[in-house]
Structure formats: C-alpha cells, structure tokens
Amino acid sequence: MTKIGALEAGGTKMVLAVYDGDGQELERLTIPTEAPEITMPHMIGFFRDHAIDALGVGSFGPLDLNPASPTYGNITSTPKLKWRNYPLLKGLLDGRDIPAAIDTDVNAAVIAEAELGAAKGCESAVYITIGTGVGGGVYVGGHTVHGLLHPEVGHTLLRPHPDDPNPRGVCPYHDGCLEGLAAGPAIGARIGGDARELPDDHPTFRLEAYYLAQMCVNLILTVSPQRILLGGGVMQRAALLPMVRAETLRLLGGYVQSPVVLEHIDEYIVAPALFPVSGLVGSYLIGKRALEERRYSEGAGPKGTAPQCVEKARLRRSFPPGLRRPPTPPSAEPGGGRRKETLLRKASESTAHVAGFGMQHGGQRPTEPPKTDFLTV
C-alpha cells in the first residue's frame, strides 16, 4: 500500500498524518511546536515508523520555495527565532530519497479547497486565514503562485479606520499592515482582552470587517480571483462574513461591474469547506503530486500517458515541483475516463474546536480536530 506523509507545520503545533493513495487518513499525530531539537526527532520518527513513500509539507514561513536554491525547503526570516533559517524539508527527509515537496500552509490550504472544497471547479482562488496571524495562498491554473518569494498578503498595508484606537496595529515589522490590524492579537489588543465573549454588534467587529473588506477589494483589483475563501479562527464568528461582503461592495463603489460580485457575492466571498483541516489535506495532495511526478519521470506512469510526461517535464522547468497536475485526457484514465473523486466528511464538532481561535489576547490554539474521513463517490 502506498503511504503519503503530510505535515501542516504551524507556529504553535505540528499536525502530522499518513494517508493511503486514495486519500484515506491512516494515522494522525499532533505535537506542540517547540525548538527544532525537540520537535524534529518526533516528526522524523513518526514518518520513518510509517515507512512513507512520499512527503508533502505545508508550513509557516517565510520559506525558500525555489527548487533550484541550495536552501530549498528552508524556513527563512520567521519571527520564531529558533526556526529561523532552518532546513525543514531536508531535516524531515533525514537522508531518505523519497519524493517530497513543500509550500506555505495557506498555499496547501488553497490547493485542498480548489481540488476538493469550496473552490472546486475554479481556475483561480485565494485562501486567506485570519487567526493569530494572517496568511494568503493564491491558486491559478492548477498551481500555487510563487515569484520572488510567495504571496505575503498578511503584510500588505491598509488604510486605518478613523475610529481605530490602535491605528498602527501590533505587527513588529510594519505599521498599519493587515496582520497588525486584523489578526487575533490585534483584536485582543484593541479591546484589552478576549473577544470571544463580545456580542456580534460590538464596534470592534465593524473595524474587523472594514480591514478584511479592504483586503478583499485589493485582491479583486490585483489578483482578480474567481473565488475568495476566508478561514481561520477569527472567521468562526458567523456574523463577520456577511459584514465583510457588504463592506467589500461598499468600498468597491460599483467599479467592478461583474454579476459575480454585484449579484452573487455570497457565493464569491465564502468560508472554506474543509476547515480546519484544509492545510493538512493540501499537504497530502502536495505529497501525492510529488510522488506522481517521480513515477512519471521514472517511466512508471500508466500506459498511454507519455504525452503527459512531456508536459509535466515542461512544467517542472517552469514551476516548483509537486504543485501542479495537468489535466489527464479521459482516454488515459482508467474506467473510461471516469475519475474517482474524494470528498471530505466534515465532523460537526470541528467548528467547536476552532471557534474563537486567535481572538483572545495571547492567541492560544484549539485542541486537535477530529480525524479526516474521505468518502469515495
């Protein structure tokens, strides 16, 4: 049986899992994120004990995602000093020659949502997570966007609201950036406590909607995605999403004359379908793609797929490995072109585990969500 390892590496916890080739989760382990010398041996041992055939990682960053770089897979200038310039991907492999790839945690999440969740069928999508920090993943044409670095949506600069008592925000790097104004710690600092007990009509949520709407407007006008997904613990307050939609329309001022925005914004700015395991599922998909590419490159792909091998080789020269999959012609697929799809069953109690995450001052994370369970349809 093929075993694919997945790691969602977060600033306060690491979620590790092993999946089979069809997307069935076999095992999961959650451990706190401590110093590398404490955390890494547990993760290396977990994946080695399960004899994984490939590995996909979605991690906090910033990351070096240039596959030609000698430091590919390293965490770089993170504020988590003990992890700064740490060779995460290389360390996890521990000398093993197995297919592996890495991307940001939010890019992993947008891959999962685009393939299996709320952005399925979209050619482009942006996933934003708002919790103890703010991160954004951008998905276009089957792959995540990388460039000079990777999108750092959380540190884009905004116009502070005139009623904000803390207009500079709490980011140690930038005054007035999205993360510094809208992440959970910013909300906590603004009210001087825990926001989870506040009523929906508290003024702080009007400010929050204003900042997140500015972000949505900027994304619409620059990236022009077919869907925007807002996840993370802060967005578990159900009243916030409609406020963001309404404020986005107000700030756009009728400039974008698209029915998708003007008439169907409830279907355009949406909650992720796979939260809180979008990043973990996306990490599995990253690992699965890395395995598929290795097999194609070694000539072990299914019969009749030589043309795709050539196309995959072309893509590998253009984009980081493991992060795109050209569509397979129906004639090359088993079962007369019918592809088996897997959908994630969301346990209803998952929301309870993550509600309010990041909104308290200090940003403690929720307990582990239930195991993922894929259904074959």
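Colleague: How far does helix H6 reach from its first C-alpha to its last?

Modeller: H6 (residues 203-222) reaches 29 Å over its 20 residues, close to the 28 Å expected at 1.5 Å a residue. That expected span is 1.5 Å times one less than the number of residues. Helices here are DSSP runs of H or I with at least four residues, strands are E runs of at least two, and both are numbered from the N terminus.

Colleague: Is H6 mostly covered or mostly exposed?

Modeller: Mostly covered, with 15 of its 20 residues buried. Buried is under 20% relative accessible area, exposed is over 50%, and partly exposed is in between, with a 1.4 Å probe and protein chains only. Just after H6, Ser-224 has a positive phi of about 55 degrees.

Colleague: Before I go on, what are the ground rules?

Modeller: It's a predicted model, so to speak of local features we need pLDDT of at least 70, and side-chain atom pairs count only at 80 or more, while totals for chains, interfaces and linings use all residues. Residues are numbered from 1 along each chain as its sequence is written, and side-chain values use heavy atoms, leaving out hydrogens and water.

Colleague: What does the pLDDT average over the chain?

Modeller: 84, and 79% of the residues score at least 70; pLDDT is the predictor's confidence in each residue, from 0 to 100. Over residues 303-370, though, it is below 50, and that stretch has 146 contacts beyond near neighbours in sequence. A contact means heavy atoms within 4.5 Å. Where pLDDT is low, the predicted coordinates should not be read in detail.

Colleague: New topic: what's the strand order in the five-stranded sheet?

Modeller: E8-E7-E6-E9-E10, an open sheet with mixed pairing. Two strands pair if DSSP finds at least two bridges between them.

Colleague: Which strands stand at the edges?

Modeller: E8 (143-144) and E10 (269-270); each has a single partner strand, so one side of each is left without a neighbour in the sheet. Further in, E6 (residues 124-130) and E9 (residues 228-231) pair in the parallel sense over four bridges, and Tyr-127 has Leu-229 in E9 as its bridge partner.

Colleague: And which residues touch the most others in the largest nonpolar core?

Modeller: Leu-7, Met-14, Leu-55 and Leu-88, out of 61 residues. H3 gives the largest share, eight residues. Such a core is a set of buried Ala, Val, Leu, Ile, Met, Phe, Trp, Tyr and Cys residues joined through side-chain atoms within 4.5 Å.
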